[in-house]
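I opened the notebook to jot down what I looked up today.

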Amino acid sequence: MKKGMIKVSDSFERIVHWCMAISCIILMISGLGMMFHSFNFIAIPVGGLKNLKLIHNFTGLVFIPSLFFAILIWWKEAGIFRFPEDLEWIKVAGGYLWHVDRVPETGKYNPGQKAFFWAVALFGVVMIVTGLIMWFPLGLPVELVRWMYPLHALGFFVIFPFFFVHLYLGTVGVPGSVSAILTGWVTRSWAEKQCPKWLKEMEASGELEVSE
């Protein structure tokens with residue numbers, strides 16, 4: 001590891017992140033295969049829709065604890081909007097959509113990432129509750145169970161675009177971000193650009209971990 005790299009995540013955070021990301025991808029792909037006839041071909045490699053449904057359901061059991069731990073880990077830093085700094089960032093869209101001479105400083109997570117956190121946290125819970133009821137109706141009224149299907153689909157249509165924007169910005173959209181989720185370490189220049197306020201606060205408190 002190069003000298004001067006900055007630690008932004010620990011191993012447990014990365015494990016939770018990857019468990020949730022991989023399970024989310026499998027759930028979205030398998031869900032598409034069951035939801036739309038034109039995507040039924042997704043079930044062919046796994047032996048049909050029955051097997052695809054089993055994969056979908058049991059992958060959901062991985063997603064449940066992953067979401068739980070993700071909310072616990074990132075609630076304080078990604079779940080709370082702070083004004084007026086977050087509002088100033090929102091006004092210029094973080095400099096992602098048009099040129100901005102100076103992007104307002106943010107903490108460890110910017111408002112866009114906070115919006116992603118809330119989308120996954122809220123609608124992830126919706127997906128879990130509706131999915132479990134669809135899997136185990138347990139004598140609930142038929143009309144109630146029927147409502148679980150459109151609500152489950154709503155969760156998919158909310159999380160799907162957020163997920164792929166997050167995937168893009170976490171890879172090619174923001175060079176250097178992949179290191180944060182693979183090793184937990186980033187360059188100082190990346191931290192100064194992506195989370196300058198957090199960097200200053202960590203340095204001031206003496207909590208910043210820098211590789212020797």
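I started with the second largest pocket, whose lining splits into 17 nonpolar, six polar and one charged residue. For the classes, I count Ala, Val, Leu, Ile, Met, Phe, Trp, Tyr, Cys and Pro as nonpolar, Asp, Glu, Lys and Arg as charged, and the others, Gly among them, as polar. This is a predicted model, where local features need pLDDT of at least 70, side-chain atom pairs count only at pLDDT 80 or more, and totals for chains, interfaces and linings use all residues. Residues are numbered from 1 along each chain as its sequence is written, and side-chain values use heavy atoms, with hydrogens and water left out.

Next I looked up the size: this pocket has a volume of about 670 Å³. A pocket here is an open set of points on a 1 Å grid over the protein atoms alone, where a 1.4 Å probe fits, with protein on both sides within 12 Å along at least five of seven lines; lining residues have an atom within 4 Å of a point. Points are joined across faces, edges and corners, and the volume is the space filled by probe spheres set on them.

Which residues lie nearest its centre? I found Met34, His56, Gly131, Met134 and His152, out of 24 lining residues. Helices α1, α2, α4 and α5 each give two or more residues to this lining, and α2 gives the most, with seven. Helices (H or I, at least four residues) and strands (E, at least two) are DSSP runs, numbered from the N terminus.

Then I turned to the largest pocket, at about 1,300 Å³. Of its 46 lining residues, His17, Tyr109, Gln113, Phe116 and His166 are the closest to the centre. Here α1 gives the most, with nine residues. The lining divides into 33 nonpolar, 10 polar and three charged.

Last, I checked how α1 (residues 11-35) meets α5 (residues 142-173): their axes come within 11 Å and cross at roughly 130 degrees. Axes are lines fitted to C-alpha atoms, for helices over the stretch in contact, and angles run from 0 to 180 degrees between N-to-C directions. The two helices are therefore oblique to each other; angles under 35 degrees count as roughly parallel, over 145 as roughly antiparallel, 65 to 115 as roughly perpendicular and the rest as oblique. The contact (heavy atoms within 4.5 Å) includes His17 and Met28 of α1 and Phe156 and His166 of α5. Its residues come out as 13 nonpolar, two polar and no charged.
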